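Open your viewer and have the selection tool ready. We will go from stop to stop, with something to select at each one.

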Amino acid sequence: MTDCLFCKIIAGDIPSTKVFEDDLIYVFKDINPKASVHILVIPKQHIARLDHANTEHADLLAHMMLSLPNLAKSQGLDDGFRTIINTGPGGGQEVDHLHIHILGGSHMPGFN
Ligand code: 5GP
Ligand code: ZN
């Protein structure tokens with residue numbers, strides 16, 4: 001039994017609003033959205049943070065990256081979108097399961 005919040009979401013033990021899933025990734029709405037569209041893209045495999053990934057994860061990471069444009073478009077973000085990966089305490093990461101934020105639409109926070 002894992003203590004990881006996002007692994008529990010993938011398993012369905014904690015409810016989430018699913019946007020998409022395939023064999024490798026699960027995508028769901030952020031519970032505390034920072035913009036009108038704010039979704040999280042996570043690997044089904046538990047990788048705690050980006051700096052724990054290695055070349056064995058290359059195909060998975062490429063799949064995540066290459067999925068982002070279509071996922072953004074599926075949420076109506078036709079003009080573009082912002083992606084964020086927070087890594088470790090120094091990067092403000094709060095959940096220790098690798099995730100890519102996709103943000104866009106109205107109410108986009110400033111970057112500075
Ligand atoms: P981090 O700061 O680790 O990059 O981002 C973690 C994100 O996960 C935050 O934006 C936070 O709102 C979101 N989050 C935390 N707990 C939950 C939850 O239980 N469900 C969902 N859908 N999002 C969560
Ligand atoms: Zn996990």
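Start with the charged pairs: this predicted model holds three salt bridges. To see one of them, select Glu21 and Lys18 and show their side chains, which meet in a salt bridge with an N to O distance of 2.7 Å. Glu21 has 34% relative accessibility and so counts as partly exposed. Lys18 is also partly exposed, with a relative accessible area of 46%.

Lys44 counts as partly exposed because its relative accessibility is 28%, and the cut-off for buried is under 20%. With Lys18, Glu21 and Lys44 on screen together, you are looking at a network of salt bridges.

Now move to Asp51 and Arg49. These two form a salt bridge whose closest N and O atoms are 2.7 Å apart. Asp51 is partly exposed at 48% relative accessibility, and Arg49 is partly exposed as well, with a relative accessible area of 21%.

Next, switch to a cartoon view and look at the sheet. In what order do the five strands lie? The order in this open sheet is β1-β2-β3-β5-β4, with antiparallel pairing. From one strand to the next, the twist averages 20 degrees.

Zoom in on β5, residues 100-104. Is this strand enclosed or open to the outside? Five of its five residues are buried, so β5 is largely enclosed by the rest of the structure. Show its side chains and turn the view: Ile100, Ile102 and Gly104 point one way, His101 and Leu103 point the other way, and all are buried. As background, side chains in a regular strand alternate between the two faces of the sheet.

With β5 still in view, bring in its partners. Strand β3 (residues 37-43) pairs with β5 in the antiparallel sense over five bridges. To trace that pairing, pick Val41, whose bridge partner in β5 is Ile100, and then Val37, which stands opposite Gly104. Strand β4 (residues 82-84) also runs antiparallel to β5, and three bridges join the two. Here, select Thr83 and find Ile102 opposite in β5.

For the last stop, select ligand 1 and its surroundings. How many residues surround the ligand? There are 16, and the closest are Asp30, Asn86, Glu94, His99 and His101. A polar side-chain atom of His101 lies 2.8 Å from an oxygen atom of ligand 1.

Now display the backbone of Gly92 and Val95. A polar backbone atom of Gly92 is 3.2 Å from an oxygen atom of ligand 1, and a polar backbone atom of Val95 is 3.0 Å from an oxygen atom of the ligand. Finish by putting a surface on the protein: it covers 86% of the 520 Å² of accessible area that ligand 1 has on its own.

Note on methods:
Residues are numbered from 1 along each chain as its sequence is written. Chains are lettered from A and ligands numbered from 1 in the order in which they are written. This is a predicted model: local features need pLDDT of at least 70, side-chain atom pairs count only at pLDDT 80 or more; totals for chains, interfaces and linings use all residues. Side-chain values use heavy atoms; hydrogens and water are left out. Buried means under 20% relative accessible area, exposed over 50%, partly exposed in between (1.4 Å probe, protein chains only). Helices (H or I, at least four residues) and strands (E, at least two) are DSSP runs, numbered from the N terminus. Two strands pair if DSSP finds at least two bridges between them. A salt bridge is a side-chain nitrogen of Lys or Arg within 4 Å of a carboxyl oxygen of Asp or Glu. A residue is near a molecule or strand if one of its heavy atoms lies within 4 Å of it. A polar contact is a pair of N or O atoms within 3.5 Å; within protein, one must be able to donate a hydrogen and the other to accept it, and residues adjacent in sequence count only if both atoms are side-chain atoms. Accessible areas come from the Shrake-Rupley method with a 1.4 Å probe; for residues, only the protein chains shown count as cover. Axes are lines fitted to C-alpha atoms, for helices over the stretch in contact, and angles run from 0 to 180 degrees between N-to-C directions.
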